[in-house]
Amino acid sequence: MLATRHILLTIAVAILAAAQQLPPMKRVPPAPPQPIPFSHKLHAANGIACQRCHAMPEPGDFAEIAGADVCMSCHSAIKTASPAIRKLAEFHQQGEEILWEPVYLIPDYVFFSHSTHVKKAKAACAACHGPVAERDVLAKERDISMAACMDCHRAAGASIDCAYCHEPR
Ligand code: HEC
Ligand code: HEC
Ligand code: HEC
Ligand code: HEC
Ligand code: HEC
C-alpha cells in the first residue's frame, strides 16, 4: 500500500517536472550564421561552466555573452593557429564587438528575467534551451511562444495574469 503510494507520488513528481520546461519546436529553424563558428559541445567537454561566458548582471534580466577579452584569456594560448581563433584575435585587437546573431528572442512588450527563472524558479538552462552542452551549433530548438510560457507557469503554479508578462493597459 505504502509502496504503491510512493510509486504514484514518484510518477506525479516526474510528470510535473517534465511539464516544467519549454517544449521542443515541432520544426527547428536553421541555426543563424555566426561571425565565428562556436561550439558549445567542445567548450562543455573541456569543463567550462555556462556562467563563465554567460554572466547575468543585476537586475538579471539579460544573460550576457562574454566578449573577446574573456575568450582571449584562454585563446591567447589555446589553438592560436586555427583560422577561427585568428579571426577572434583580430576582433580583440581591433576592440570590435563580436555581433553574435540571436537564437532566442522574445518581443520587447514581454517581460522576461533570467535570474527570476534560474534563481527563484530553479529552472535549469536546458529546460528552456535544450541540451546546449551537446550541440556544436545552436538553433532555436525550444518553443518560446506565449502558450509554451503559460504551460510552464500553470505547471509550476506561477501566475498567468496578462499583466504578469505584459505592461498593464
Ligand atoms: C576557459 C577557457 C576558454 C574560454 C574562456 C574560451 N575557450 Fe574556446 N576553446 C577552449 C578549449 C579548451 C578549446 C578546445 C581546444 C582543442 O580542441 O584542443 C576551445 C576551442 C575553441 C574553438 C575551436 C578552434 C578550432 O579551430 O578548433 C573556437 C572557435 C573557440 N574556442 C572560440 C571561443 C570563443 C569565441 C570564446 C569566447 C566567447 C571562447 N572560445 C572562450 C577554451 C576556451
Ligand atoms: C566559452 C564560452 C561559452 C560557454 C562556456 C557557454 N556559452 Fe553559450 N554562447 C557562447 C557564444 C559565443 C554564443 C553565441 C554563438 C552561438 O549562438 O553559438 C552563445 C550562445 C548561447 C545561447 C543562445 C543565445 C541567443 O542569442 O539566443 C544560449 C541559449 C547559450 N549560449 C546557452 C549556454 C549554456 C546553457 C551553456 C552551458 C551548458 C553555455 N551557453 C556555455 C559562449 C559560451
Ligand atoms: C525559463 C526559460 C529560460 C531559462 C531557464 C533560461 N533561459 Fe536563456 N533565454 C530564455 C528566453 C525566453 C530568451 C530570450 C530573451 C529575450 O529575447 O529577451 C533567452 C535568451 C538567452 C540568451 C541570449 C541573451 C538574452 O538574455 O536575451 C542567452 C545567452 C541565454 N538565454 C542563456 C541562458 C543560460 C546560460 C541559462 C542557464 C543559466 C538560461 N539561459 C536559462 C529562456 C530561458
Ligand atoms: C520552468 C518553468 C517556467 C518557464 C518555462 C517559464 N516560466 Fe516564467 N516563471 C516561472 C516561475 C515558477 C515563476 C515564479 C518565480 C517566483 O517568483 O518565485 C516565473 C515568473 C515569471 C515572471 C515574473 C516576473 C519576475 O521576474 O519576477 C515573468 C514575467 C515570467 N515568468 C515570464 C515568462 C516568460 C515570458 C516565459 C516564456 C519565454 C516564461 N516565463 C517561462 C516558471 C517558468
Ligand atoms: C507567462 C507569460 C505570459 C502571459 C501570462 C501572457 N503572455 Fe501574452 N505573450 C507572451 C509572449 C512570450 C508573447 C510573444 C509570443 C511570440 O513572440 O511568439 C506574447 C504575445 C502576446 C500578444 C501578441 C500577439 C501574439 O499572440 O503573438 C498578445 C496580444 C498577448 N500576448 C496578449 C496576452 C493576454 C491578453 C494575456 C492574458 C490572458 C497574456 N498575453 C498573458 C507571454 C505571456
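**Briefing: a predicted model with two ligands**

Histidine 75 is in contact with His43, Thr80, Ile85 and Leu88, leaving aside its neighbours within four places in sequence; contact means heavy atoms within 4.5 Å. This is a predicted model, in which local features need pLDDT of at least 70, side-chain atom pairs count only at pLDDT 80 or more, and totals for chains, interfaces and linings use all residues. Residues are numbered from 1 along each chain as its sequence is written, chains are lettered from A and ligands numbered from 1 in the order in which they are written, and side-chain values use heavy atoms, with hydrogens and water left out.

- Histidine 75 sits in helix α4; helices (H or I, at least four residues) and strands (E, at least two) are DSSP runs, numbered from the N terminus.
- With 13% relative accessibility, histidine 75 counts as buried, a term for under 20% relative accessible area, whereas exposed means over 50% and partly exposed lies in between (1.4 Å probe, protein chains only).
- A polar atom of the histidine 75 side chain lies 3.0 Å from the backbone oxygen of isoleucine 78.
- Isoleucine 85 touches His75, Ile78, Lys79 and Thr80, not counting residues up to four places away in sequence.

**The shell around ligand 1**

- Ligand 1 is surrounded by 17 residues, of which His43, Cys71, Cys74, His75 and Ser82 are the closest; a residue is near a molecule or strand if one of its heavy atoms lies within 4 Å of it.
- A nitrogen atom of ligand 1 lies 2.8 Å from a polar side-chain atom of histidine 43, and a nitrogen atom of the ligand lies 2.7 Å from a polar side-chain atom of histidine 75.
- In the side chain of serine 82, an N or O atom is 2.8 Å from an oxygen atom of ligand 1.
- Two or more residues of this shell come from each of α2 (40-45), α4 and α5, and α4 gives the most, with four residues.
- The shell around ligand 1 divides into 11 nonpolar, four polar and two charged residues; Ala, Val, Leu, Ile, Met, Phe, Trp, Tyr, Cys and Pro count as nonpolar, Asp, Glu, Lys and Arg as charged, and the others, Gly among them, as polar.

**The shell around ligand 2**

- Of the 18 residues around ligand 2, His40, Cys50, Cys53, His54 and Tyr104 come nearest.
- Histidine 40 has a polar side-chain atom 2.8 Å from a nitrogen atom of ligand 2, and an N or O atom in the side chain of histidine 54 is 2.8 Å from a nitrogen atom of ligand 2.
- At least two residues of this shell are supplied by each of α2, α3 (50-53) and α7 (125-129).
- The shell around ligand 2 has 13 nonpolar, five polar and no charged residues.

**The largest nonpolar core**

- Seven residues form the largest nonpolar core: Ile36, Ala68, Met72, Ile85, Leu88, Phe91 and Ile98. Such a core is a set of buried Ala, Val, Leu, Ile, Met, Phe, Trp, Tyr and Cys residues joined through side-chain atoms within 4.5 Å.
- The elements giving two or more residues to this core are α4 (68-75) and α5 (83-94), and α5 gives the most, with three.

**Backbone features**

- Glutamate 58 and proline 59 are joined by a cis peptide bond, with omega about 0°; proline 59 lies in the loop between α3 and α4.
- Lysine 79, in the loop between α4 and α5, has a positive phi of about 60° although it is not a glycine.

Definitions and conventions. A polar contact is a pair of N or O atoms within 3.5 Å; within protein, one must be able to donate a hydrogen and the other to accept it, and residues adjacent in sequence count only if both atoms are side-chain atoms.
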